[in-house]
Amino acid sequence: MAPAPQPRLFYGWVIVAIAFVTIGVAVSARTGYSLLFPEIIEEFGWSSSLSVGPFAVGFLASTAFLPVVAWLMARGGPRLTIPVGGALVALGFLAARWVTTPLELYLAFGLLAVNGSMAMSYIGHSMFLPNWFVRNRGLAVGVAFAGVGVLGAGLLPALQWAIDTQGWRTACLWVAGVVAVAVIPLNALFQRARPEDRGLRPDGDAAPRPGGPAPVEAVVDRAWADTDWTLGRALRTRRFWLIALAYFCGLFVWYALQVHHTRHLLQAGFDGETTAAALGLIALGSVAGQIGLGALSDRLGRELAWSLALLGFAGASALMLAITRPDPALLWTMVAVQGLIGQGFAALFGAIPAEVFAGKRFPAIFSAISLIANMGAAAGVFGLGWLFDLNGDYAAGFRICVALSLLSIALMWLAAPRKVRLVAGVARRRAAA
């Protein structure tokens with residue numbers, strides 16, 4: 001009697017669907033601080049650098065928290081790690097309702113909300129989501145991360161509406177409730193770290209298919225791929241530092257634009273509804289960007305897709321520099337470039353290190369790369385706030401963003417992930433040739 005057909009891909013896409021919801025809520029909550037901090041400045045009269053500081057502090061606090069995330073992921077998997085992060089985010093937004101001093105602001109938003117979001121957003125998912133796919137890794141991660149755009153397009157305008165109609169403190173209560181209801185139980189019940197937990201293999205294969213084609217050999221550097229990578233070994237390689245610095249530059253630009261978007265556009269003369277709509281449309285555009293660049297990277301290579309994404313960020317930074325008055329053409333061009341192209345690099349965030357440093361200790365290695373990347377995010381957020389206080393505008397900051405985008409491209413080509421493993425599309429073409 002022939003064995004029953006095995007499920008293919010099904011549970012891997014369940015994992016992607018759960019990640020889609022979780023990351024969308026997490027990043028929308030974190031991004032929502034860019035809508036909150038102008039209200040905080042207006043209420044308390046604090047400076048830009050002081051008011052935006054919790055975002056930077058949260059990323060710096062992750063230097064202590066990310067090793068804990070890696071440790072939890074190695075022992076309890078995402079079913080434990082992501083709910084812990086969700087609880088911290090919900091608690092942070094709940095505590096924000098009673099903020100009256102800068103210290104309380106930094107504890108609520110920085111230490112709890114932004115820091116806790118690391119476990120439930122891109123970084124936490126990048127520690128296990130690549131395990132589920134090989135042939136379509138970039139596409140799968142891109143679909144999961146596209147939740148930021150789909151949910152952000154609705155959640156961010158809803159948050160702005162809550163701020164305008166009920167005040168920023170009540171809006172924080174709504175954010176805490178969404179995280180608690182949508183994230184914690186979903187992951188605690190259904191999330192899994194690897195396909196072996198379901199009796200599957202990557203890409204949903206239950207077993208090699210009899211009579212099917214032999215798998216395409218994607219390894220280029222056999223000695224590198226066969227190394228039992230530990231954090232110590234990875235730290236002694238040039239490739240680790242090139243990737244980490246490319247990520248530092250990329251996240252500097254990403255979060256500098258994301259957090260200071262609202263303040264700059266308001267200063268240029270746009271109203272609050274338009275700036276919130278622009279932020280939501282950037283998130284919506286990132287749906288196509290992340291899925292498209294993720295799929296493209298599976299076929300043409302990670303370096304090419306990375307270059308396109310960072311050119312998108314360079315273009316968005318240059319357009320922000322050009323926006324000095326309410327010019328709708330420049331605004332919506334910037335929104336399209338940043339969302340459709342720039343934010344596509346999120347689909348590559350976990351795929352590149354997973355292919356270069358594959359192994360049992362990958363979460364620890366990825367957490368170290370993420371620490372350096374988060375320092376870039378903190379530097380971007382704080383640095384542009386400081387430059388604004390110094391100069392009265394963001395011009396110097398946006399010029400720095402253009403330069404760092406181009407530097408990130410150069411660093412990734414020097415790191416050359418393609419010289420370790422080929423992506424599936426390139427491997428197939430070479431095998432056919």
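Leu-384, Leu-387 and Asn-391 of helix H18 touch Ala-396, Gly-397, Phe-398, Ile-400 and Cys-401 of helix H19, where contact means heavy atoms within 4.5 Å. Sorted by class, this meeting point has six nonpolar, two polar and no charged residues. Here Ala, Val, Leu, Ile, Met, Phe, Trp, Tyr, Cys and Pro count as nonpolar, Asp, Glu, Lys and Arg as charged, and the others, Gly among them, as polar. The model is a predicted one, with pLDDT of at least 70 needed for local features and 80 or more for side-chain atom pairs, while totals for chains, interfaces and linings use all residues. Residues are numbered from 1 along each chain as its sequence is written, and side-chain values use heavy atoms, leaving out hydrogens and water.

H18 runs over residues 362–391, and its 30 residues reach 43 Å from first C-alpha to last, close to the expected 44 Å (1.5 Å times one less than the number of residues). Because 22 of those 30 residues are buried, H18 is largely enclosed by the rest of the structure (buried means under 20% relative accessible area, with a 1.4 Å probe and protein chains only). Just past the end of H18 sits Gly-392, with a positive phi of about 85 degrees. The axes of H18 and H19 (residues 395–415) come within 8 Å and cross at roughly 145 degrees.

H19 also packs with H15 (residues 302–322), at about 170 degrees and with axes 8 Å apart. H15 and H19 are therefore roughly antiparallel (angles over 145 degrees). Among the residues in this contact are Trp-306 and Phe-313 of H15 and Arg-399 and Trp-413 of H19. By class, the H15 contact with H19 has 17 nonpolar, four polar and two charged residues.

Technical notes. Helices (H or I, at least four residues) and strands (E, at least two) are DSSP runs, numbered from the N terminus. Buried means under 20% relative accessible area, exposed over 50%, partly exposed in between (1.4 Å probe, protein chains only). Axes are lines fitted to C-alpha atoms, for helices over the stretch in contact, and angles run from 0 to 180 degrees between N-to-C directions. Angles under 35 degrees count as roughly parallel, over 145 as roughly antiparallel, 65 to 115 as roughly perpendicular and the rest as oblique.
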